[in-house]
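Here are my notes on the model you sent. Please read them with the structure open.

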Amino acid sequence: MQHFPIFVALAGRRVIVSGGGEAALAKLRLLLKTEAHVTVFAVDAAPEIQNWAAIGKLRLVPRAMEPGDAICAVLAYGANEDAVEDARIAALARADGAMVNIVDNLEDSQFITPAIVDRDPVTVAIGTEGAAPVLARAIKRDLEAQLPATLGTLARIGKTFRHVAEALPMGRARRDFWSEFYFQTGARDLEQGGAGGVLAGLHTLFGRHLTAQDKPGAVAFVGAGPGDPDLLTLKARKLLDEADVIVHDRLVPAPILELARREAILISMGKEGFGPSAKQNDINDTIIEHAKGGAQVVRLKAGDPSVFGRLEEEMTAVEAADIDWQVVPGITAASAAAASLGQSLTQRGRNSDLRLLTGHDVDGFAEQDWRTLARPGAVAGIYMAKRSARFLQGRLLMHGADPATPVSVVENASRPDQRIVTSSLATLTDDLKAANLTGPALLLYGLAPRQAATVTLPTIPTRLTEREHA
Ligand code: SAH
């Protein structure tokens, strides 16, 4: 992030705009929404600017800017649409201690103006660091459509009620009260009874929340999917948004954790490939301790919680502690990996069953029904297989599997750094060694990428460019 978004207090402060044409007008339309004291320096100001000056909305100085003109100004805009003049005034304004923005000149600007969705006092600022103004405008349009025009009114009325609402305990209770106001009762009261109706409604709602019983703590075992935030279920997103505490696997990547509320407590515990893993009892204790304290706990597990995630042990522990729980399924790594290959996990005439195996379990390498797996057409999704590849290869060949059986290894499935290694049972160990995988990897035994015959490159970085732009 090269530009850090902040909201600058402008009430009563000086803001300077140098220029009197279109560029200056565009900035002034925004600035006049604030309570700043705006001064425009322009030899030849557009009629609108002259009108604003005439009715006292700004001060117009009909000459070019000079040293000292920007003293005590917080912000100064170079909007002369003339690179030389803008550079001159930028130097002057900087010397006077103001932060400078030059219109359409990212490099020489100390700050940039975002696209703004105005539901005052709710303001959304959208920035792309100058990279994609089209994108900013599209996001602005979407948000404008999403945020009702009444939001500003509600927020203003809400603000006057804040000191009353402080009687509710901080945290969840207060949050529940406000979210019911903004997302349920507020808009209805405004429509039916205007501002007075909203205030009356706030008092009723407040009374109800004040006497409400505390919601008991609960645990949701939630599947985070393979890593792409778009592959979360709606239910998972909702729970992440509401969670007080999130206890997550180390496999859950940052873009998903960022969906948590800012106040949520994030605790990293559990699986990390072959790295140090937290003890299961410690994980159980942490979950239970927070839920007992009244927290809504999300136990966030990579993929699907019911696949090689020790869900059973955690559910049993939570149940024994007499805490409510639910399971929210997620997309397991095998599904994501198959999608990346463009393959179906089952297929008529090829395999009517599918096995999900783990390459190693608590006792080390896991023994399997090798004879069945060695049959032609067998398909299996093998988790945690990186270290056990040699063992798998040996066992399967020993039980008569065809050495030419295709094997695909998908590393970081669904993530921007996804890699696919196309291999066969005979060459698996060597191919894996050469690929030097560092991320979580799923082995799909019996499946080759759909286009394996034509594509020889082991990588399919389709999402990369898209991500880079986002
Ligand atoms: N519950 C998870 C599996 C946890 S076991 C699920 O349903 O996917 C951890 C193993 O999952 C890793 O060793 C790896 O084999 C696999 N895995 C998880 N996320 C993955 C991803 N994005 N890409 C490839 N494999 C992944």
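1. Start with Cys72. This residue is exposed, because its relative accessible area is 56% and the cut-off for exposed is over 50%. Keep in mind throughout that the model is predicted. Cys72 sits in the loop that runs between β3 (59-61) and β4 (73-78). Its phi is near 70°. That is a positive value in a residue other than glycine.

2. Asp104 belongs beside it in your notes. Its phi is near 60°, again positive and again in a residue other than glycine. Asp104 lies in the loop between β5 (99-102) and β6. With a relative accessible area of 81%, Asp104 is exposed.

3. The bond from Asp120 to Pro121 is cis. Its omega is near 10°. Pro121 is in the loop joining β6 (115-119) and β7 (122-126).

4. Now the overall layout. The chain is divided into domain 1 (14-113), domain 2 (152-211), domain 3 (218-331) and domain 4 (334-469). Between the C-alpha centres of domain 1 and domain 2 the distance is 40 Å.

5. Where does the ligand lie? Domain 3 (218-331) and domain 4 (334-469) both contribute residues to the shell around the ligand, so the ligand lies between them. There are 18 residues around the ligand. Those that come nearest are Pro226, Asp304, Val307, Thr332 and Ala441. By class, the shell has 13 nonpolar residues, 3 polar ones and 2 charged ones.

6. Glu314 is a charged residue by class, yet it is buried, with a relative accessible area of 1%. The cut-off for buried is under 20%. Glu314 is placed in helix α10 (residues 311-320). What does Glu314 contact, leaving aside neighbours within four places in sequence? The list is Phe221, Gln280, Ile283, Asn284, Ile287, Arg299, Lys301 and Gly309. Arg299 and Lys301 are on that list, and both count as charged.

7. Gln296 is also buried, at a relative accessible area of 15%. Gln296 is found in strand β11, which spans residues 296-301. Residues up to four places away in sequence are not counted in what follows. Gln296 touches Arg172, then Lys215, Pro216, Gly217 and Ala218, and also Glu242, Ala243, Asp244 and Val245.

How values were computed: Residues numbered from 1 in each chain as written. Predicted model: local features only at pLDDT ≥ 70, side-chain atom pairs only at ≥ 80, totals over all residues. Heavy atoms only, no water. Near = heavy atom within 4 Å. Domains from an automatic or database assignment. Helix = DSSP H or I, 4+ residues; strand = E, 2+ residues; numbered from the N terminus. Buried < 20%, exposed > 50% of the residue type's maximum accessible area, 1.4 Å probe, protein only. Contact = heavy atoms within 4.5 Å.
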